[in-house]
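Hi everyone, thanks for coming. Please bring the sequence and the 3D view up on your screens, and we'll walk through them together.

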Amino acid sequence: MKRLSASLFVLFIIWSAHGQNLSYEIVRGDNQIGSLEVKHHVEDSIEKIHMHNNVSFRIIFSFKVDYELKETFVNGVLTYGDGYNTLNGASQKETTIKLKEDGYHLKIDGVEGYNEKKPITNSMSKIYHEELYDGKKVYSQYFGLYLEAEEEGEHKYSIVSPDGENIYRYKYGYCTEVKVIRDFATFYIRMTDETLEKVKELKGID
């Protein structure tokens with residue numbers, strides 16, 4: 001029993017020191033329709049975030065959506081990112097962003113252009129591990145623009161994008177729920193009980 005407890009303690013220290021991998025269930029009505037994993041790793045001055053979700057649902061027709069986003073920050077500045085999403089196995093969008101001497105180069109579906117000149121320090125990949133605030137602007141490489149958060153209540157913020165509106169709720173500094181509002185459906189992204197327990201342990205909350 002002591003050996004097991006020691007192993008769990010070591011795993012907790014690793015989870016705390018090098019980043020936190022957050023797991024979420026995606027729910028529509030009473031049904032789980034997908035999952036989201038947000039992996040966060042920090043090593044010295046390099047921070048890497050990897051988001052991956054998949055959703056399957058039916059509204060007249062069946063839909064299967066797969067989305068992935070990876071971003072790397074060095075000394076707090078975004079230096080590289082790439083992402084994609086597919087619908088029923090067919091590519092919908094592919095993106096890459098690179099920081100070069102003359103600024104960021106963003107490529108969307110093979111079309112490259114210049115983008116932001118100023119260093120990007122806040123992005124959509126970070127908002128699961130860092131609570132938003134009213135007026136905070138976060139960069140989306142998916143859309144190639146900044147999106148602004150608006151406070152809706154205590155630890156509750158909305159972000160409107162060309163796709164629709166998301167409402168983010170936070171506990172203990174982490175995003176625990178996202179209400180995703182689209183023309184075709186509304187669904188929720190909710191932190192799993194296991195992940196919430198890890199977050200509470202990390203914060204020293206009983």
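How many helices and how many strands are there in the protein? There are 2 helices and 14 strands; here helices (H or I, at least four residues) and strands (E, at least two) are DSSP runs, numbered from the N terminus. The radius of gyration, taken over C-alpha atoms, is 18 Å, close to the 17 Å that the globule rule gives for 206 residues, so the protein is as compact as a globular protein of that length. That rule is 2.2 Å times the number of residues to the power 0.38.

A word on ground rules. This is a predicted model, where local features need pLDDT of at least 70 and side-chain atom pairs count only at pLDDT 80 or more, while totals for chains, interfaces and linings use all residues. Residues are numbered from 1 along each chain as its sequence is written, and side-chain values use heavy atoms, with hydrogens and water left out.

Now the overall picture. Along its principal axes, the C-alpha trace spans about 55 × 50 × 35 Å. Buried residues make up 39% of the 206 residues. Buried means under 20% relative accessible area, exposed means over 50%, and partly exposed is in between, with a 1.4 Å probe and protein chains only. The protein exposes about 11900 Å², and carbon and sulfur atoms supply 50% of that; the areas come from the Shrake-Rupley method with a 1.4 Å probe, and for residues only the protein chains shown count as cover.

On to contacts, meaning heavy atoms within 4.5 Å. Of the contacts with a separation of 6 or more, 36% are between residues 24 or more positions apart.

Let's go inside. Which residues have the most contacts inside the largest nonpolar core? They are Tyr24, Ile127, Tyr128, Leu132, Ile159 and Tyr168, in a core of 40 residues. By nonpolar core I mean a set of buried Ala, Val, Leu, Ile, Met, Phe, Trp, Tyr and Cys residues joined through side-chain atoms within 4.5 Å.

Start with Tyr24, in strand β1, residues 22–28. Tyr24 is buried, with a relative accessible area of 1%. Leaving aside neighbours within four places in sequence, Tyr24 is in contact with residues including Tyr128, Cys175, Ile189 and Met191. Asp109, by contrast, is 85 residues from Tyr24 in sequence and 28 Å from it in space, C-alpha to C-alpha.

Next, find Ile159. Beyond four places in sequence, its contacts include Met124, Leu132, Glu165 and Tyr168.

Follow that to Met124, which sits in the loop between β8 (111–114) and β9 (137–140). Is Met124 buried or exposed? Met124 is buried, at 17% relative accessible area. Not counting residues up to four places away, Met124 touches Met51, Val138, Tyr139, Ser140, Leu147, Ile159 and Tyr168. Its C-alpha atom is 9.1 Å from that of Tyr146, 22 residues apart along the chain.

Glu165 also touches Ile159. Glu165 belongs to strand β12, residues 164–171, and counts as partly exposed at 26% relative accessibility. Among its other contacts outside four places in sequence are Lys179, Val180 and Ile181. Glu165 and Val180 are 15 residues apart in sequence, with their C-alpha atoms 6.3 Å apart in space.

Another partly exposed residue is Val42, with a relative accessible area of 26%, in strand β2, residues 31–43. Phe73 is 31 residues away along the chain, and the two C-alpha atoms are separated by 9.4 Å.

Now some backbone angles. Most residues other than glycine have a negative phi. Where does Asn75 lie? Asn75 is in the loop between β4 (61–74) and β5 (77–87), and has a positive phi of about 55 degrees although it is not a glycine. Asn75 is exposed, with a relative accessible area of 62%.

His155 also has a positive phi, of about 55 degrees, without being a glycine. Look for His155 in the loop between β10 (145–153) and β11 (156–161); it is partly exposed, at 38% relative accessible area.

That's my tour, and I'm happy to go back to any residue you'd like to see again.
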